[in-house]
Amino acid sequence: IAALAMVGTLPGRTHGLGLITEPLITDLHVSRVDYASINFWATLIGALFCLPCGRLTDRYGSRLVQTGVVLALGVSVMAMSQSTSVWWLASTITLTRGFGQSALSVVSLALVGKRFKHNLNMAMAVFSLLVGIGFIAAFPSVGQAVLTAGWRAAWLCTGITLVTVLAPLSWFLIRGERAHQTSGAALDSSSGAPGDIPFRDALRTPAFWIFALASSLFGLVYSGIALFNQSILEQRGFDASVYHNVLIVSTMLGLAANFGAGWLASHRRIQLLTALGMALLAASVARLLFVRALAQVM
């Protein structure tokens, strides 16, 4: 259910919104720059939805919180499918970002962490595998629906599926757990597992800022490309079907890269892996400017 919930974040994620970017901006007569600005602010505001999720999950339990977040996301997606103005679009994208990309991601990860405290590494490996398979199945399904029925119908069906399928599954299949209240003092406490570093001490380390900057730069590049991937490929002479196929292939490769990086991280310094990853990212972005053939796209 946690993996299914993570796949359910699709309409609030950049690569999910990328599936409807072109038909949406054509339908609502929104420029790409304006659409990018809407997503920029929606992502920043939506990120604030992450903050209360941990406390709410501890207090009320994963079952109630996940079901509520899924319902809110589903309603937001359905409302977005009925957008008639830029302000309506901006508001609903902000809600889908907040409930999908932010809140539901946190809740689904917390569910795994709470359920598999003694075998978490294997649980996260299986979770990642299931999420990858789920996205590989979701991309062509939603993409084909957008091409055949239009973005509004595809988005409306996605929202209905969240409300009528994922929300009931979350309510009935997540076992009840003993909710507990966590005080602010407990959250700020430095007592924890050996090697844990308090939040304020982490902010003083160069490593925190270097890895945060690397992650942010990746997010910047990935979000821009994922949101306008179809536009980029069309400018290079490829149609929408190529874009949808690229999503499937890149998801499978990304899943393999997750496992490979996880294995390497237990044998090599993570600083080296980060540097290598950023170098490959830079080379890939530079190469994207000169793509001519399908093999180069892949």
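1. Helices here are DSSP runs of H or I of at least four residues, numbered from the N terminus. Helix H5 (53-60), like H9, supplies at least two residues of the patch. The members are Ile1, Leu4, Leu56, Tyr60, Leu64, Trp171, Phe172 and Leu173, and together they have about 780 Å² of accessible area. Such a patch joins nonpolar side chains (Val, Leu, Ile, Met, Phe, Trp, Tyr) within 5 Å, from residues with over 30% relative accessible area and no salt bridge. A salt bridge is a side-chain nitrogen of Lys or Arg within 4 Å of a carboxyl oxygen of Asp or Glu. Areas follow the Shrake-Rupley method with a 1.4 Å probe, and for residues only the protein chains shown count as cover.

2. The model is predicted: local features need pLDDT of at least 70 and side-chain atom pairs count only at pLDDT 80 or more, whereas totals for chains, interfaces and linings use all residues. Residues are numbered from 1 along each chain as its sequence is written, and side-chain values use heavy atoms, leaving out hydrogens and water.

3. Leucine 4, a patch member, belongs to helix H1 (residues 2-7). Its relative accessible area is 41%, so leucine 4 is partly exposed (buried is under 20%, exposed over 50%, partly exposed in between). Tryptophan 171, also in the patch, has arginine 63 over its face, 3.9 Å from the ring centre. The criterion is CZ of Arg or NZ of Lys within 6 Å of the ring centre and within 35 degrees of the ring normal.

4. Six aromatic pairs are present (ring centres of Phe, Tyr or Trp, the last by its six-membered ring, within 6.5 Å; planes under 30 degrees apart are stacked, over 60 edge-to-face, the rest tilted). Phenylalanine 135 and phenylalanine 139 are stacked because their centres lie 5.9 Å apart with planes at 20°. The rings of phenylalanine 208 and tryptophan 209, with centres 5.2 Å apart and planes at 80°, are edge-to-face. Phenylalanine 208 is partly exposed at 31% relative accessibility, as is tryptophan 209 at 48%.

5. The largest nonpolar core comprises 58 residues, with Ile20, Leu24, Tyr35 and Leu89 having the most contacts inside it. H8 gives the largest share of this core, nine residues. A core is a set of buried Ala, Val, Leu, Ile, Met, Phe, Trp, Tyr and Cys residues joined through side-chain atoms within 4.5 Å.

How values were computed
Patches are made of residues with over 30% relative accessible area and no salt bridge: like charges are joined within 9 Å, nonpolar side chains (Val, Leu, Ile, Met, Phe, Trp, Tyr) within 5 Å. Buried means under 20% relative accessible area, exposed over 50%, partly exposed in between (1.4 Å probe, protein chains only).
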